[in-house]
Amino acid sequence: MKQITRHQQIIDLVQQNGYVNTDDLVALFKVSPQTIRRDLNELADANKIRRHHGGATIALSSENTEYAMRKSMQLSEKGTIAQALSKHIPDGATLFIDIGTTPESVAKALTKNHKNLRIVTNNINVASILMERENFKVILAGGEVRNKDGGIVGEATLDFIKQFRLDFGILGISGIDYDGSLLDFDYHEVRVKKAIIENSRSVFLAVDHTKFGRNAMVKLGNISEVHLLITDQQPPQEITELLSEHGIPLEVLA
């Protein structure tokens with residue numbers, strides 16, 4: 001059985017039963033304990049499950065993985081996705097770039113060949129990346145700066161974002177539920193993301209495969225509100241069907 005198929009079945013078992021035992025998984029999949037422990041650790045790193053000694057439980061929907069860890073996770077995949085998304089941004093465009101490690105990868109991709117972009121962002125890391133290009137105009141939102149990741153949130157940020165109407169919105173997201181719900185962990189951050197969606201002519205969502213089916217406690221919208229989804233692996237069937245139903249282009253880079 002392929003690892004990705006085994007991973008999905010483990011997630012399904014956790015969601016159905018609330019808990020899975022390592023020994024039971026070894027017997028079910030007929031693989032070594034080391035393989036199952038590696039599977040559980042990888043799923044826990046992606047916040048798909050919560051690791052315990054001897055097994056795993058449902059991942060907490062109230063806590064995100066630490067920024068430093070998220071920045072190093074799926075690094076190659078994020079770079080590939082970002083490069084693909086950057087090809088959809090023409091020179092001279094205006095765009096929002098959101099909080100998140102994948103939007104930061106998109107910012108890096110845009111510095112390679114693009115010219116005359118106008119970017120509004122609530123992400124200090126994105127602003128630092130983009131400011132090296134002399135022909136980019138970078139507008140940084142005001143508000144409260146989060147020490148943990150350089151994100152800017154709050155009422156002032158929300159009011160600032162609402163002043164603009166831009167060509168593209170580049171969103172970061174913590175999870176996409178199987179019913180198409182777009183999920184995140186911070187209520188204040190979600191309010192800013194909603195404003196970006198409402199004030200962008202086109203919304204691009206760039207996510208690696210670990211975000212599909214991932215839990216987070218705050219719903220910011222639905223996948224039907226985006227205009228393009230780019231990812232590194234084929235999404236689960238439920239999400240693929242939703243994209244098809246709403247006529248949303250899907251770009252899979254695997």
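## An exposed loop residue

E134 lies in the loop that joins helix 7 (124–130) to strand 6 (137–140). In this predicted model, E134 has a relative accessible area of 83% and is therefore exposed, the cut-off for that class being over 50%. The C-alpha atom of E134 is separated by 50 Å from that of V14, and the two residues are 120 residues apart along the chain.

## Nonpolar cores

The largest nonpolar core contains 29 residues. Those with the most contacts inside this core are I176, L182, L205 and I223. Two or more residues come from each of helix 8 (155–161), strand 9 (166–171), helix 9 (187–198), strand 12 (200–206), strand 13 (218–222) and helix 10 (237–245). Helix 9 makes the greatest contribution, with five residues.

The surroundings of L182 can be listed in detail. With neighbours within four places in sequence set aside, L182 is in contact with I173, G175, I176, L205, V218, K219, L220, G221, N222, I223 and V226. In soluble globular proteins, nonpolar side chains tend to be buried together.

Helix 6 spans residues 101–113. Ten of its 13 residues are buried, so helix 6 is largely enclosed by the rest of the structure. The buried residues of helix 6 are T101, T102, P103, E104, S105, V106, A107, A109, L110 and T111.

Note on methods. Residues numbered from 1 in each chain as written. Predicted model: local features only at pLDDT ≥ 70, side-chain atom pairs only at ≥ 80, totals over all residues. Heavy atoms only, no water. Core = buried A, V, L, I, M, F, W, Y, C linked by side-chain atoms within 4.5 Å. Buried < 20%, exposed > 50% of the residue type's maximum accessible area, 1.4 Å probe, protein only. Helix = DSSP H or I, 4+ residues; strand = E, 2+ residues; numbered from the N terminus. Contact = heavy atoms within 4.5 Å.
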